[in-house]
Amino acid sequence: MRFMVIVKATKDSEAGVMPDTELLTAMTKYNEELVKAGVMLAGEGLHPSSKGARVLFSGDKRTVIDGPFTETKELIAGFWLWEVKSREEAIEWIKRCPNPMPGDSEIEIRQVFDPQDFGEAFTPELQEAELRLRAESAKNG
């Protein structure tokens, strides 16, 4: 099972406050544990929303809204992509994580869809195309 592990933004992260050496050291050690256990597939921190944009879709119309975005509890400061045996295992790994922010913080987990989750709508042709895209993407990474 794959999970997106989402580190929620805080006022400090949205203000561009960078982690100190102590936190960076702790997170590096934690990431090394994840990699050695075969859990971590990817992980990155994100710049504040002031450097981002949103694109709203309404039929054929596209509207671009530049950041910053005001509701910090709905914003993402970073993420991991993990492969674990269960939701419970992901939660246990999160409990071992150093607090990712100075002060209070929150981490959310969401299971990533697997091809079989889409049922009959995900035809053999679409499955083959998906495999081709993943292989090509891995070459580019």
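1. Helix 2 and the sheet. The model is a predicted one. In it, helix 2, formed by residues 21-36, lies across strand 2 and strand 5. The helix runs at about 25 degrees to strand 5.

2. Overall composition. The chain contains four helices and six strands. Their order along the sequence follows the pattern β-α-α-β-β-β-β-α-β-α. The C-alpha trace spans about 50 × 45 × 30 Å along its principal axes. Of the 141 residues in the chain, 26% are buried. Among contacts with a separation of 6 or more, 76% are between residues 24 or more positions apart.

3. Four strands form an open sheet in the order 2-5-1-6, and their pairing is antiparallel. Strand 2 (40-45) and strand 6 (107-111) each have a single partner strand and stand at the edges, so one side of each is left without a neighbour in the sheet. On average, and with direction ignored, neighbouring strands of this sheet are turned by 15 degrees against each other.

4. The pairing of strand 1 with strand 5. Within the sheet, strand 1 (residues 2-8) pairs with strand 5 (residues 76-83) over seven bridges, in the antiparallel sense.

5. Helix 3 and its buried side. Helix 3, residues 87-95, lies across strand 1, strand 5 and strand 6. Its direction is at about 160 degrees to strand 6. Which residues of helix 3 are buried? They include A90, W93 and I94. These residues cover an arc of only 100 degrees around the axis, which puts them on the same side of helix 3. The cover over the buried residues of helix 3 includes strand 1, helix 2, strand 5 and strand 6.

6. The position of C97. This cysteine lies in the loop between helix 3 and strand 6. Is C97 buried or exposed? The cut-off for a buried residue is under 20% relative accessible area, and C97 counts as buried because its relative accessibility is 13%. Neighbours within four places in sequence aside, C97 is in contact with M27, Y30, W80 and I107. C97 is also 63 residues from L34 in sequence, while the C-alpha to C-alpha distance between the two is 10.0 Å.

7. Strand 3 (residues 53-58) and strand 4 (residues 61-66) run antiparallel and are joined by six bridges. Most residues other than glycine have a negative phi, and most peptide bonds are trans.

8. How many of the six residues of strand 4 are buried? The count is zero, and strand 4 is hardly covered. In strand 3, where V55 has its place, the relative accessibility of V55 is 42%, and V55 therefore counts as partly exposed. Apart from neighbours within four places in sequence, V55 is in contact with R62, T63 and V64. V55 and I6 are 49 residues apart along the chain, and their C-alpha atoms are separated by 21 Å.

9. The cis peptide bond. G67 and P68 are joined by a cis peptide bond, with omega at about 10 degrees. P68 is found in the loop between strand 4 and strand 5.

10. The largest pocket. How much space lies in the largest pocket? The value is about 670 Å³. The pocket is lined by 29 residues, of which P19, G45, L46, A77 and P100 are the closest to its centre. Helix 1 (11-14), helix 2, strand 2 and strand 5 are the elements that give two or more residues to this lining.

Conventions: Residues are numbered from 1 along each chain as its sequence is written. This is a predicted model: local features need pLDDT of at least 70, side-chain atom pairs count only at pLDDT 80 or more; totals for chains, interfaces and linings use all residues. Side-chain values use heavy atoms; hydrogens and water are left out. Two strands pair if DSSP finds at least two bridges between them. Axes are lines fitted to C-alpha atoms, for helices over the stretch in contact, and angles run from 0 to 180 degrees between N-to-C directions. Contact means heavy atoms within 4.5 Å. Buried means under 20% relative accessible area, exposed over 50%, partly exposed in between (1.4 Å probe, protein chains only). The arc is that of the directions from the helix axis to the C-beta atoms. On a 1 Å grid over the protein atoms alone, a cavity is a set of points where a 1.4 Å probe fits but cannot get out, and a pocket is an open set with protein on both sides within 12 Å along at least five of seven lines; lining residues have an atom within 4 Å of a point. Grid points are joined across faces, edges and corners, and a volume is the space filled by probe spheres set on the points.
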